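I opened this entry to keep track of what I looked up, starting with the domains and then moving to the strands.

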Amino acid sequence: MKKLVLVLCFLPLLTLAQSKRKQRLAAEKADATLLANLQKHVQYLADDQLEGRRTGTRGETMAMEYLVQYYQQLGIPAAGSNGYVQPFEINEGKKIDATTTWWVRDRELMVMKEYFPLAYSAQGSLASKPAMVLSEKGQPWFLDLKEILEENRNNPHFDVDEVIRKQAESVRTKGATALLVYNSTSITDNVQFNKNDKTTPSAIPVLYITAEGFRNHFSDPSASLPMELKVSISEKTRQAHNVVAFINNNAPHTVILGAHYDHLGYGEDKNALDTAHAIHNGADDNASGTAALMELAAMLKTKAPAGNNYLIIHFSGEELGLFGSKYWLEHPTVKISPNYMINMDMVGRYDTTHKLTVGGYGTSPVWGELWKTLPTTLRTHFDSTGSGPSDHASFYRANIPVQFFFTGSHADYHKASDDWDKINYAGQREVVKLVYNLIGAADTKGKLSFAKTAEPQVGRATFTVSLGIMPDYGYSGTGVRVDGVVPGKLAEKTGLQAGDILLQLGEFKFVDVMSYMQSLKKFNKGDKTQLRIRRGSEEKTFEITF
Ligand SMILES: [Zn+2]
């Protein structure tokens, strides 16, 4: 009997040990599967046949199809506007085509450097033999802005574009075949190629000759100038695609889980950091985050904390300026009450020198509480700000708490060498598990409260002054649309608001973000100047001191 009792006593202990062993084996197996899946996704997405997944290309479509098929197989319902897909257009504005050429006396002028057609210029070709001092029927005419600029030095309503347009129309009626504009003074004229121009094209080509072009090719006013000219301008829009799936628990609030899947293609959009015309596979940026999101979705499909719904969005157009996330926010495909947003962008390079950065820590007081309770073997670094150069910033702007997962920049960032074999898949797997655990920890907290955070300093290295605005890179009108103002900085103190369109700083007018940046470079700390903006239908001018 005694013996029997003893055996009976040990039995539960044995089964406990056995079940622990079973659990451990199951966990190891799940880990191995997760790692293999992550690697499989990254290898496919970062394969040369996808040619760098550039927005609007076949490679982007292939990645989109891979995602759609995956969610179909997984059985997570579609939540795009067309099945899983939310197509959207990116308007890139006008471009001077490569076929635009100008030969003067057997020398070709360099477009943009020595001249450019105005955005509203007529297109087509002409061959001619004008002289600068002559204005003859059937020939191009020249226009020096000298007099106009000197007369209007103190005229606040002076608009050089309007003057040139009127002049083009007037010389055309007198028989000119083109208008060639230059400025022989050192007065700033603000003539620019406005890619956002939407006016009707002029009837004749209108070209602007830069100071450099003027020096190099037009120094002799009476010389006869045999020339051949061809102007071609096109307007480009690109079709992009977000991929959206939805785990609906019929909970009151929805967690948004996002990662962008587009990348740089061959670097055609000039956003690469190397000059090679080579496929930029973007294994870390952001096949890694895409794969992580796919596997996170699979884990949530198996076992999702029931306190929230889960909206999974794979964004496109991120590398061109967060277009996919902005578009979704402006055109939501499902009616939800957002709780918080998690973004994963570049989560594949965790190693001894790269910690896991968790951004958006300050966007809700609840994050701090939650992180205290989360065990992880990963070395983490917390960053308070909700802004940043990835899609979570769009959600933060919409007053939604965010968490941004990122394993840091590296030497292959935005280069053709960002390949799948450099990814640390074990590290990536731990990130996925950590995000899953965070979602679990947040489950009982209800709707997280939102907090604004300090903004990071952008472009500090290249600019000595700044206004402290977040420009809307997706704005397709003339000027710079303010997406948000940085608390405590000049723009906020001046009273600028989201939605304002900035038009002019001092004597410098700008047509887009690029020319805005150029005008900022002309100022130093302490400089006083005027800022002209449009708010609604009203124009306003502010006195500012940098
Ligand atoms: Zn990225």
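Which domains does the domain assignment of the protein give? I noted first that the model is predicted. The assignment lists domain 1 as 41-76 + 237-445, domain 2 as 98-231 and domain 3 as 469-545. I then looked up the separation of two of these: the C-alpha centres of domain 1 and domain 2 are 48 Å apart.

I looked up an open sheet of 4 strands and wrote down its order as 3-2-9-5, with antiparallel pairing. Strand 3 (107-108) and strand 5 (124-128) are at the edges; each has a single partner strand, so one side of each has no neighbour in the sheet. For strand 3, I checked the pairing with strand 2 (residues 101-104), which is antiparallel and has 2 bridges. Here Trp 103 has Glu 108 in strand 3 as its bridge partner.

**Entry on strand 13**

I next asked how many of the 7 residues of strand 13 are buried. The count for strand 13 (residues 338-344) is 6 of the 7, so this strand is largely enclosed by the rest of the structure.

I also looked up its pairings. Strand 11 (residues 254-260) runs parallel to strand 13 and is joined to it by 4 bridges. The bridge partner of Leu 257 is Ile 342, in strand 13. Strand 16 (residues 402-406) is likewise joined to strand 13 by 4 bridges, and these two run parallel. In that pairing, I recorded Val 402 of strand 16 as the bridge partner of Met 341.

Note on methods:
Residues numbered from 1 in each chain as written. Predicted model: local features only at pLDDT ≥ 70, side-chain atom pairs only at ≥ 80, totals over all residues. Domains from an automatic or database assignment. Pairing = 2+ DSSP bridges. Buried ≥ 20, exposed ≤ 12 C-beta atoms within 10 Å, placed from the backbone.
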